[in-house]
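Please read these notes with the sequence and the model open side by side. They are written for someone who has not seen this structure before.

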Amino acid sequence: MLESGDRIPILKLGHLLLVTIQVDMHDRMALALQDDLTKKIVDTGARGVLIDISGLELVDSFIGRMLSDIAAMARVLDARTVVVGMRPAVAITLVELGLALPGVQTALTVERGMALLPAPGEFGGDARPEDEGPDA
Amino acid sequence: MRALTPEPHALDSDEDVVRARHVIRALAVDAGLRLIDQTKLVTAVSELARNTVIHGGGGRMLAEVLENGTRTGVCVTFEDEGPGIPDLEMALSQGFTTGEGLGLGFGGARRLVHDFDVTSAPGEGTRVRIVTWR
Amino acid sequence: MKLWEGVVALPLIGTLDSARTQVVMESLLERIVETDSTIAIIDITGVPTVDTLVAQHLLKTVAAARLMGADCIVSGIRPQIAQTIVHLGLDLSEVTTKANLSEAVVVALDRTGFQITRRANRG
C-alpha cells in the first residue's frame with residue numbers, strides 16, 4: 001500500500017487540475033496517480049488536466065501508457081488532457097521506441113498548455129492564435 | 001562506483017526498478033555518454049528491469065563500464081530464473097502492444113542500445129545483456 | 001536562429017553526415033525549448049543530397065518536436081532529395097513541406113497569428 005508521502009499531489013487551478021510529476025516515480029505511484037486523478041476529476045468537475053513532465057528525465061513504455069490512459073479516462077469524464085514540458089532527450093527516445101502517446105495532446109510549457117484548455121462556456125477560450133499548439 | 005567485477009543489484013520490486021535507473025544513469029555519466037545516449041540507455045534499463053521483476057519473478061542486474069581499447073561503453077546484464085521466454089523470435093520482433101505480454105518494451109529496448117543479446121528458454125530463466133558505446 | 005516570437009529557423013548548408021545531422025537536430029530541439037517556439041523551420045535549400053540515415057534523423061526530429069508540442073516546416077527540398085525520400089518509402093504525411101524558405105516563413109507567420117501588411121507610404 002502506498003503511503004501518503006508517496007502520492008503525487010494534484011493541484012486545482014480554477015477549472016483545471018495540475019499535476020507536476022517529479023522524477024523517481026515508480027510503477028505503483030503511476031497507478032495511484034491514475035486513480036487519484038480520476039477521482040479528483042469527478043469530485044471537482046474539472047474540465048482540463050495539465051500534466052507537467054518537465055522534471056522527467058525518462059518516459060518509458062509504462063509511464064507512456066499511463067499518460068495515454070489518463071488522457072483516455074479524462075476524456076470519458078469530459079475533460080481534456082495536455083502534457084507539457086517534455087524534454088528533447090525524452091521525445092527523441094520515445095520516437096526511437098515507437099511510442100506515439102495516442103490521445104495525448106502536448107505543449108511546450110504550462111502556460112501554453114493552459115491556453116489549450118479553455119474554461120467551459122468560453123468558446124475557444126482565451127487562446128490567442130499564437131498560443132495554439134499543433135493539435136489545436 | 002565502478003567495481004572491477006560488476007556488483008549485482010536486486011530487481012524484485014518497483015523501487016528496485018527506479019534504483020536501477022539511477023545506478024545506470026550514474027554509470028553512463030561516468031562513462032561520458034552523451035545525454036541522449038544516457039537517456040536511451042536508462043529507458044532501456046527501465047524496460048528490462050521491469051521485465052525481470054514482473055515476468056522473471058525477480059532477479060538481478062549487473063552493470064559495468066567496458067573499456068575495450070578503443071571504445072568505452074556501459075554494459076548492463078539482466079538475469080532471472082523465471083519461466084523464460086516461450087517465443088523469443090516473436091518477443092524480439094514485437095513493438096508495443098496495448099495488452100500485457102513480454103513484447104511490451106522488449107523489442108523497443110533493443111532499438112535504444114547498440115548491442116543486445118538475449119538468452120532464454122522455457123524453464124531456463126532469462127539473461128539479457130545490453131551495451132551502449134560512447 | 002530565432003525569427004520572432006515562437007518561431008525558430010535552422011538553415012542547413014552543405015552535405016550532411018549522420019553524426020552531424022544528429023547533433024544539429026538535437027540542438028534544434030533544445031532551441032525550441034529555450035525560445036519557447038511552437039514552429040521550427042528547417043531549410044535544406046543548401047543541402048544537395050541526403051542519404052537514408054540523414055533523412056531518417058530529419059523525420060525523427062520532426063516527430064520528436066511534435067511530441068514536445070512544436071511543429072516543423074521543412075523547406076527547400078531539392079528534386080533529388082524528394083526522390084530519395086520517395087524511394088526510401090519514408091512517410092512525410094505528418095510533415096509540412098514548402099518549396100522555399102519564404103513560403104515557409106509565410107506559413108509560420110500565419111500560424112503564429114501574424115500577417116504582413118504594406119505601409120501606406122513607402123517613401
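1. Start with helix α2 of chain B. Of the 20 residues of α2(B), 17 are buried, so this helix is largely enclosed by the rest of the structure. A residue is called buried if 20 or more other C-beta atoms lie within 10 Å of its own, exposed if 12 or fewer, and partly exposed in between, with C-beta atoms placed from the backbone. The helix covers residues 35-54 of chain B and reaches 28 Å from its first C-alpha to its last, close to the 28 Å expected at 1.5 Å a residue. That expected span is 1.5 Å times one less than the number of residues.

2. On the source and numbering: this is a predicted model, in which local features need pLDDT of at least 70 and side-chain atom pairs count only at pLDDT 80 or more, while totals for chains, interfaces and linings use all residues. Residues are numbered from 1 along each chain as its sequence is written, and chains are lettered from A and ligands numbered from 1 in the order in which they are written.

3. Chain A has four helices and five strands, in the order β-β-α-β-α-β-α-β-α from the N terminus. Helices (H or I, at least four residues) and strands (E, at least two) are DSSP runs, numbered from the N terminus. Of the 136 residues in chain A, 44% count as buried.

4. Strands β1 (residues 10-13) and β2 of chain A pair in the antiparallel sense over four bridges; two strands pair if DSSP finds at least two bridges between them. A:Leu11 stands opposite A:Leu18 in β2(A). Two residues lie between the strands of this hairpin, where A:Gly14 takes a positive phi near 70 degrees.

5. Strand β2 of chain A (residues 16-20) is mostly covered, with four of its five residues buried. Five bridges join β2(A) to strand β3 (residues 48-52) of chain A, and these two run parallel. Here A:Leu16 stands opposite A:Gly48 in β3(A).

6. Where does chain A touch chain C? In total, 18 residues of chain A are in contact with 19 residues of chain C, contact meaning C-beta atoms, placed from the backbone, within 7 Å. The elements giving two or more residues to this side of chain A are α3 (88-97) and β5 (105-107), and α3(A) provides the largest share, five residues. The residues on this side divide into twelve nonpolar, three polar and three charged. Ala, Val, Leu, Ile, Met, Phe, Trp, Tyr, Cys and Pro count as nonpolar, Asp, Glu, Lys and Arg as charged, and the others, Gly among them, as polar.

7. The largest nonpolar core has 103 residues, of which A:Val49, B:Ile24, B:Leu41, C:Ala40, C:Ile41 and C:Met68 touch the most other members. Helix α2 (residues 52-68) of chain C gives the most to this core, eight residues. Such a core is a set of buried Ala, Val, Leu, Ile, Met, Phe, Trp, Tyr and Cys residues joined through C-beta atoms within 7 Å. Not counting residues up to four places away in sequence, C:Met68 touches A:Met86, A:Pro88, A:Ala91, A:Thr106, A:Leu108, C:Leu29 and C:Ile32.

8. A:Leu101, in the loop between α3 and β5 of chain A, has a positive phi of about 50 degrees although it is not a glycine. C:Asp36, also not a glycine, has a positive phi of about 55 degrees.

Key:
Two residues are in contact if their C-beta atoms, placed from the backbone, lie within 7 Å.
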